[in-house]
Structures are given as structure tokens and as C-alpha cells.
Amino acid sequence: MSTAEQASADRLLTLGDGIARELDRLTARLEDDAIDPDSALEELDTLTRELSAAVEELAEHRIDVLAEDDDEREVLRDAFEDADGGEYRSLRARRHALAPGTSPGLWRLSPVLWYSSWHQESGSALETHRSPSSGGGGVTGYSGGGFSGAGGSSRF
């Protein structure tokens with residue numbers, strides 16, 4: 001990890017610990033009827049937004065490490081948006097999109113799991129961008145079994 005990534009990861013861990021304690025307090029308040037369910041959901045949305053911002057910061061630092069140019073940054077940002085379920089306009093919409101009684105989609109509710117999913121998939125997205133398939137498109141630096149042009153490109 002870069003220094004910036006490590007600092008972001010440390011902030012995320014600290015935030016996560018605080019949010020875990022806050023969730024316990026929120027649960028207790030809900031069980032004691034000290035807060036209504038809609039207010040509890042609003043507080044949950046706020047906590048998720050805070051966590052999301054910290055995760056996005058960490059992802060941006062990772063993108064800075066991985067990407068070699070603006071095109072690659074865009075590829076990685078698109079992959080992150082795909083991983084975080086960006087098609088939903090709000091956190092509440094993500095929750096409503098889940099089919100009742102199904103657990104496979106529950107990862108959509110956790111920004112940390114969005115990051116984990118993106119972190120695993122980002123290498124594949126970047127590799128596909130760097131080395132597109134030969135079907136239909138040309139590949140720079142490669143011509144019929146040999147390299148063309150000067151230099152020592154490691155991409156082909």
C-alpha cells in the first residue's frame with residue numbers, strides 16, 4: 001500500500017470501529033422504542049454515507065497507484081461504480097431492490113464489501129483495458145507473430 005492508501009485504510013478502520021459502536025447504540029434505542037424505524041433508517045443512511053466516503057477515498061488512492069494514465073483511471077472508476085451498485089440513486093433504493101428472503105444481494109449494503117469486490121475485480125478490468133482481445137480490434141505493438149516498432153514495450 002502507498003502511504004496515502006495506508007492512511008485512508010487506517011481512517012476507515014477507525015471509522016468502522018466507531019460505526020460498529022454506533023450501530024449497537026442505534027439497535028438498543030430501536031429496541032427500547034426510543035427511536036422510530038424511519039429515524040433509525042435515516043441514521044443508518046448517514047452512517048453508510050460516512051463509510052462510503054471513506055471507502056471512496058481509499059479507492060481513489062488505490063486508483064492512483066494502479067492507473068498509468070487518465071484512461072486507466074476511468075476504467076478503474078467505472079469498475080468501482082459497477083461494484084458499488086451505482087445504478088441505485090440512494091441507499092434506501094438499494095435496500096428496496098433486494099428481494100425479500102434472499103441473501104446474495106446483501107453485499108450491496110456495505111461500502112466495505114463494495115471496495116473488496118472492486119479490489120478483486122479491478123485487476124481484471126485493468127488487464128482487459130491494457131490487453132484487449134484480438135477479436136475485431138488491432139493491438140498496438142504486435143503484428144503477425146512479432147513486435148513492430150521500437151522500444152521495449154511489455155504490453156502486447
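The model is predicted, so local features need pLDDT of at least 70 and side-chain atom pairs count only at pLDDT 80 or more, while totals for chains, interfaces and linings use all residues. Residues are numbered from 1 along each chain as its sequence is written, and side-chain values use heavy atoms, with hydrogens and water left out.

**Fold**
- The protein chain holds five helices and two strands, in the order α-α-α-α-α-β-β from the N terminus (DSSP runs, H or I of at least four residues for helices and E of at least two for strands, numbered from the N terminus).
- Of the 156 residues in the protein chain, 25% are buried (under 20% relative accessible area, with exposed over 50% and partly exposed in between, for a 1.4 Å probe and protein chains only).

**Salt bridges**
- The structure contains eight salt bridges (a side-chain nitrogen of Lys or Arg within 4 Å of a carboxyl oxygen of Asp or Glu).
- One of them pairs Arg 11 with Glu 57 at 2.3 Å, N to O, and this pair links helix α1 (residues 3-31) to helix α2 (residues 37-66) across 46 residues.
- Arg 77 and Glu 60 form a salt bridge whose closest N and O atoms are 2.8 Å apart; Arg 77 lies in helix α3 and Glu 60 in helix α2, so the pair ties together parts 17 residues apart in sequence.
- Glu 72 forms a salt bridge with Arg 130, the closest N and O atoms being 2.8 Å apart; Glu 72 is buried at 1% relative accessible area, whereas Arg 130 is partly exposed at 25%.
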